[in-house]
Amino acid sequence: MTITIHRGNQIGGCITQIESAKGSKIQIDFGHNLPDGDKLAFDKYDDPKELEQLLDGVSDIYYTHYHGDHIGFENQIHQLGIKQHIGKLSLDIVRTLKRYMKNAPLFELDATRSLETFDKFIAYTANKTETVGEHKDIEITPFYVSHSAIDAHMFLIHCDDKYVLHTGDFRDHGYMGGGMLKVIQKLILPRHPIDVLITEGTMLSRGSEKVMSEKELMQKARSIFKDYKYAFVLQSSTDIDRLLSFYLATCPNREDDKKWYGRMFVTDSYQQAQIRNANKLSGPYKAIRSANIWHKHEGMLYLMPKRGFTMLVRNSETFQKLIDEIVPLIDLDQTIFIYSQWHGYIDSEGKSKNQSTIDFVHRHPWHFMELHTSGHASKEALEEVCNLANPTTAIIPIHKDPNSDFRTLDISQELKNRVYTESTEVEGIEIKYK
């Protein structure tokens, strides 16, 4: 078996190829490089020749989740006749995104093509094994993991009598974050010891960053809403855990919170459509509801100042106009703007800064607060997964800054010795870094 890691020493855009001894090839993820501040990042696979060369002989691509740095070349890949697989709810979420992107002239053509491509996607099912590859000699089983993209999965891959666990992006501090270790312990390890662990390391370069749980974030937001009657919140519309956090903070059901009855959770049509996707999940996700700002718009503008609100916003001209329409109707002393995304986008001195986002969040003289937690595994979560999986042959780090070192984790010396970040061959497994 050959494992080839493309762009592993960077965050985003990682591609993992698994090739059997008979020559079957599959890939895990094929996303675009993350944006470079305000600009689209250069990506060599935008060149069709580079794309075709990389995908030569590949029969199937399995996407761990729907973030753009993991899926983004679907239209070009479809033209090459390669089968593409993703979770069913992930497919619903990206379809919803593209349907609304069609309304923007700049994205209409690409979104239309993507919708046609998504109709050809194959939806996989968690815990169900599929046999793939040109020679039908690779087995792949998805298992659910918690991430800032709901419906994210890790994959157990059985090839040439070896077992590879590819975690994808994950975390243990989401609402369902506790399930990953149980899955490894109860569903994966009883099958066979793990030979190779391929895992992300996004947070290793952010050692000082505090990682709070989504539940803690929700409780913090609930406390903030006691002091501020009106809140505008900038968050990812596809981060379903975060939607749930702000919904629960806005609409608590506890007996002692009845005095808040009537505060409105406000979205636009697109965000409401993603909430309907969230409602397909069990548990608290099924209960999320919102008031559409465009439904009986004049009536909404009357009710919102009276009842108080938490309004999800996006960095767009439409939302700038909406906010300008609402601001004269409310008391700014009782108003807060909450930024709930990665700080790097609004760090004016950082290389990832997005000036339009900076301008958007600071456009009005109100109270401002950052309230966010990462979608990625903390150092402690990485240590738990490495120790529990205890791979017999190799740990392969991906999705990390170049200087992040897995050997700094609190894992055994034996595991540290199995960390590979360069091309090598070990126990019949060829590891290639490209």
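Contact, in what follows, means heavy atoms within 4.5 Å of each other. With that in hand, I turn to the structure above. It is a predicted model, in which local features need a pLDDT of at least 70 and side-chain atom pairs count only at pLDDT 80 or more, while totals for chains, interfaces and linings use all residues. Residues are numbered from 1 along each chain as its sequence is written, and side-chain values use heavy atoms, with hydrogens and water left out.

Let me begin with confidence. The pLDDT is the predictor's confidence in each residue, on a scale from 0 to 100. The protein chain averages 94, and 97% of the residues score at least 70. Over residues 254-260, however, the pLDDT is below 50, and beyond near neighbours in sequence this stretch has seven contacts in the model.

I come now to His399. Helices here are DSSP runs of H or I with at least four residues, strands are runs of E with at least two, and both are numbered from the N terminus. His399 sits in the loop between β18 and α13. Is His399 buried or exposed? The terms are these: buried means under 20% relative accessible area, exposed over 50%, and partly exposed in between, computed with a 1.4 Å probe on protein chains only. His399 has a relative accessible area of 2% and is therefore buried.

Leaving out residues up to four places away in sequence, His399 touches Gly8, Gln10, Ile11, Gly12, Cys14, Asp69, His70, Asp169, Glu200, Gly201, Thr202 and His376. Two of these neighbours also make polar contacts, a term for a pair of N or O atoms within 3.5 Å; within protein, one must be able to donate a hydrogen and the other to accept it, and residues adjacent in sequence count only if both atoms are side-chain atoms. The side chain of His399 meets that of Thr202 at 2.8 Å, and a polar contact of 3.5 Å links it to the side chain of Asp169.

The side chain of His173 reaches the backbone oxygen of Ser374 at 2.6 Å. With residues up to four places away again set aside, His173 touches Val211, Met212, Ser213, Glu214, Thr373, Ser374 and His376.

Next, the cysteines. How many disulfides does the structure hold? Taking a disulfide as a pair of cysteine sulfur atoms within 2.5 Å, the structure holds zero. The sulfur of Cys14 has its closest cysteine sulfur in Cys386, 16 Å away, which is too far for a bond. Both residues are buried: Cys14 at 5% relative accessibility, and Cys386 at 0% relative accessible area.

Cys386 brings us to helix α12 (residues 379-389), whose buried residues are Ala381, Leu382, Glu383, Val385, Cys386 and Ala389. An α-helix has 3.6 residues a turn, so residues three or four places apart point the same way. The buried residues of α12 pack against α5, β11 (196-200), β18 (394-398) and α13 (413-417). After α12 comes Asn390, with a positive phi near 45°.

Helix α7 (residues 240-250) is mostly covered, with 10 of its 11 residues buried. Among them are Ile240, Leu243, Leu244, Phe246 and Tyr247. In the loop between α7 and β13 (264-267) lies Gly262, which is buried at a relative accessible area of 13%. Residues up to four places away aside, Gly262 touches Arg307 and Gly308.

Finally, the aromatic residues. Rings of Phe, Tyr and Trp (its six-membered ring) pair if their centres lie within 6.5 Å; planes under 30 degrees apart count as stacked, over 60 as edge-to-face and the rest as tilted. The count comes to 16 aromatic pairs. One of them, Tyr62 with Phe155, is edge-to-face, at 5.8 Å centre to centre and 75° between the planes. Tyr62 belongs to strand β4 (residues 58-62) and Phe155 to strand β9 (residues 152-159), so the pair ties together parts that are 93 residues apart in sequence. Tyr62 is buried at 0% relative accessibility, and Phe155 is buried at 0% as well. Elsewhere, Tyr230, Phe232, Phe309, Phe337, Phe360, Trp366 and Phe368 form one aromatic cluster.
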